[in-house]
Each structure stands twice: as C-alpha cells, then as structure tokens.
Amino acid sequence: MEFNGAIVESLEQKSILVTGATGFLAKVFVEKLLRVQPNLNQLFLLVRASDSTSATQRFHNEVIGKEVFRVLRTKYGVDNEFDSFISAKITLVPGDIILGNLGIKDTNLIEKMWKEVDVVANFAATTKFDESRYDVAFGINTIGDKHVLDFAKKCVKLKMLLHISTAYVWGEKRGVILLENPLKMGDETLNETSVGLDSEVEVKLLAQRLDELKAEQVSLKEETDAMKEFGLQRARLFGWPNPYVFTKAMGEMVIGELKGDVPVVIIRPTIVTSTYKEPFLGWIEGVRTIDSVILGVGKGRIKCGLAKSDSIMDVIPGDMVVNAAIVAMMAHANQPSEFMIYQVGSSARAPLSSIRLRDFVYDYFSKNPLLDKNGKPIKIPYPIIFPNMATFLIYIHISYRLPLKVS
C-alpha cells in the first residue's frame, strides 16, 4: 500500500514511542515508518532490557538484523550509511511495561521523551494462549497497558495513543456484536457472568493465589502449571477462551476507563500472518498462530482436522495491519477525547474457508515439499476435515483405537 502525500507528510518530524519493539508487528511498523518518511524526528524503541548494553544487543539481534530491513538496507547502500541513518533516527529505551514509568531508569531520557513524543504506539503484548501464566499475561496485557497510558499522559505534545489489540477480545459471546464497540469493565452485555469482572479484583486474586502457592512451597514448574490453570479458570468464568484474549480485553477496558482526554485508536487485527507486499512478499518471523497448523500439514504430521465447511479462517497479512494502524493513527491524531476502534481483517471481502485453506496448503506442499532429516521430499496425505465431533471420534476409533486393541 502506497500512502498518499498527506499521510507521509503528517509523519514528518514526528517523534514516536514504540513499545514491544522486538515483536513481529512492531518491526514491520518501524521499518515502514523509516522507509516512507526518512524525515521522522525520532523513534524511541522500548526494549525489554535491564540496561543500555542489553537493549543494544537485543536491538541488533532481534530487530535491525532481521531480513525485514533488507529493502531499507539496500536503499541506503553500504559504507555505514544505513547504520548512520538508524543511529540518527532511533533511540533505544531499556525498560519494561510491567513497571511504572515503563521501567525506564534514565531520568534524563524520561524527561526528553515527555517533552518530544508525539505518538505512543503500544505493540507490547504476550501472545501465548493456554500456555501463558496468568500473572505474566495479566502483568503485560492489562497492567502494562495502564502503565503505557500513564506514561502517554505525561507527554506534553501527545497527539495519539495507538494500541494494538486483537479481534478476539469479544471472547465467546454469541449473537449480534458491533465489533467496533469499546469494551467496558463489568458490562453484562459481554456475557451473563461478565457483570462481576473487575481488574482490581483480579490483581488481589492473583496475589492471593501466588501467596498460597508460596506457602505450599511448590516447585517452579508446579507454580507455573498452577498459574496457567488459574488463568484458564478466570478467563472461562467470564466468557473468554484463554488468558491471552481475556487479559487483552481487560487491557482495552482499562485504557477506555482511564484515557481522559487522550486521543486513542485501538487496532483489532484477526489472525496475523506473513507480509503480503511490504517490504517484500512473505516475510514472517517464527511460527505464528495458524502457521503452526500449516507447517504441521507440510511435515505430514497433521492428517486431519475438525472444522465446519463454512468456517472462516480470517487471516490478515502483517503489513496490512501496519498500514491500517498508521493511517488510523494519523487520521485521528490531535483530536482530544477521540476513542476509535478498527477491526482489521479480511473475511468481509474475500472469505477464506477452512476447506479452501486446506486445499491451498495441500496444493502448495505437494508442489513444494519440505525435506525430511535425510533430505528427501516429504509426501503428505490429503488432510481430512471432519464437520463435527462425532465423525472425528469415529475416525479416531477406527484409525487408532481399533488397531491398538487388535495388536
């Protein structure tokens, strides 16, 4: 997506604080800003680190050294021109959003940021699902969001707080949902049990559960398992499937309740996947969300699945999410009390069903097979998709249980 002149011009001489700077979307965001508007004043990148040395190491290993910056490197050529450009435009900020003032120890740097920052872009989050400890997810996705908002309020030039959320903050609510509506703490319209939801109560319950586990002198693994289970219990009690979307929903609620006059834009992407076009086709980092399923099929490990034929797999390329975020950020900047929510997905115009996704994946790996440990192409079976649990269980019984009994 090529931005029009007004959007590019509006970014000129802006100073932007980016949290979660080592994350996938944040890297695409930073690269896009630097590529389309080299006259940005400054990007302050919050990197979870204890000191400048650690922050610099993480930045070089996990951000600027990644392939996503290849186009930008080519643009600025060799002879250290790229490094000079990055040094001039980026200020690394060691810290952690789970702490007050974002954990920034350098008071001079804090004062500088409060004076210069025009936009705070909050990409920081833990995106693990059932495997995440509740205290960790709550600390980053809920309390961390409050700390980001508190810091943003102290920025005297602030024009916008951009917050990256997820389309699945509505949990398992059924019926008609106005997806762009804000979430409110204790709103009974979310779920019949949500009326009792209160983030401050969750803080107390978390502390109480951790104290209980400490008193029982459990091992670290036992404590981790217990906190995972506690998170699942709390999420499901209020109508969310896992601690990730539950804590992200509470983060939105906290921002909405405490924002005051701060202009806020919340971006709710669906399933984020590799880039579509920018800076080039297909860049991704690690195995993300739906990619684990795709890779499982490619390795021949996933031979069947459970999904309705009309189930929509709403995936959205990472660069499209970033483009939407930048346009929304600048369109609503400097409008006091603004609170806008944008659902960023693909299914409205080009729905991708589970059946179509299965066929695309199978066709691709049939023509471009992965190699096994011996270097031989992996021949994959055509994955079977079962429309309901009954047919799935029959398949499992015939294919696996009966052979075991016979043997």
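## Salt bridges in the model

A salt bridge is a side-chain nitrogen of Lys or Arg within 4 Å of a carboxyl oxygen of Asp or Glu. By this rule the structure has 18 salt bridges.

The model is predicted, so local features need pLDDT of at least 70 and side-chain atom pairs count only at pLDDT 80 or more, while totals for chains, interfaces and linings use all residues. Residues are numbered from 1 along each chain as its sequence is written, and side-chain values use heavy atoms, with hydrogens and water left out.

## Lys27 and Glu285

One of the salt bridges joins Lys27 to Glu285, with 3.0 Å between the closest N and O atoms. Lys27 is in helix α2 (residues 24-36) and Glu285 is in the loop between β7 (271-273) and α11 (291-298), so this pair ties together parts 258 residues apart in sequence. Helices (H or I, at least four residues) and strands (E, at least two) are DSSP runs, numbered from the N terminus.

Lys27 is buried, at 1% relative accessibility, and Glu285 is partly exposed, at 22%. Buried means under 20% relative accessible area, exposed over 50%, and partly exposed in between (1.4 Å probe, protein chains only).

## Arg35 and Glu278

Arg35 and Glu278 form a salt bridge, 3.0 Å from N to O. Arg35 belongs to helix α2 and Glu278 to the loop between β7 and α11, so the pair links parts that are 243 residues apart in sequence.

Arg35 is buried at 17%, and Glu278 is buried at 6%. A network of salt bridges links Arg35 and Glu278 with Glu31 and Lys32.
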